[in-house]
Structure formats: structure tokens, C-alpha cells
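Hello,

Here is the structure I promised to pass on. Please have a look at it first, and my notes follow below.

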Amino acid sequence: MNQFINNIGTVTGTAGILICVLAVVLRLGGKFYLLGTELRMWLLAGVALLAAGCFAKIHALLAERRG
């Protein structure tokens, strides 16, 4: 189960990084919307995914440490 949560954290964090990079690159390119929503929302979603990934990784590390 620990390995599964660790993998979920990795996938979630990677998706968050990709979404953040996409939002920043598009915004620097002069766009304000992606798929009908503001790029601010995409950036916020990326940050939320990064935070969720970090929490999953921390949970896996603490569960492994407890034994």
C-alpha cells in the first residue's frame, strides 16, 4: 500500500508540474484562456496537484518510517 501511495504522489506531482508549466508558457505567449477557462485556474489546479502529491509522498514516508 505504501508503494501505491508513493506512486500516486509521483504521478500527481508530475501532472501538477506539467499543468503549471503549460499554464505559464501559454500565459507568456499572450493567451488568457485554455478550453474556455482562465489560465489562472489551470495554474491553481497545478499547484493543488503539486500539494496533493507532496502530501501523498509525506504520508508514504511516514508510514514507512513507522514500520
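How many residues does helix H2 have, and what does H2 reach from its first C-alpha to its last? Helix H2 covers residues 39-66, has 28 residues and reaches 41 Å, close to the 40 Å expected at 1.5 Å a residue (that expected span is 1.5 Å times one less than the number of residues).

A word on the basis: this is a predicted model, in which local features need pLDDT of at least 70, side-chain atom pairs count only at pLDDT 80 or more, and totals for chains, interfaces and linings use all residues. Residues are numbered from 1 along each chain as its sequence is written, and side-chain values use heavy atoms, with hydrogens and water left out.

The protein has two helices and two strands, in the order α-β-β-α from the N terminus (helices are DSSP runs of H or I with at least four residues, strands runs of E with at least two, numbered from the N terminus). The C-alpha atoms fill a box of roughly 50 × 15 × 15 Å along the principal axes.

Back to H2: Leu39, Gly46, Gly53, Ala56, Ala60 and Ala63 are buried there. Buried means under 20% relative accessible area, exposed over 50%, and partly exposed in between, with a 1.4 Å probe and protein chains only. The buried residues of H2 pack against helix H1 (2-28), strand S1 (33-34) and strand S2 (37-38), where a contact means heavy atoms within 4.5 Å. Ala52 also lies in H2, and counts as partly exposed because its relative accessibility is 38%. Across the protein, buried residues make up 19% of the 67 residues.

Best wishes
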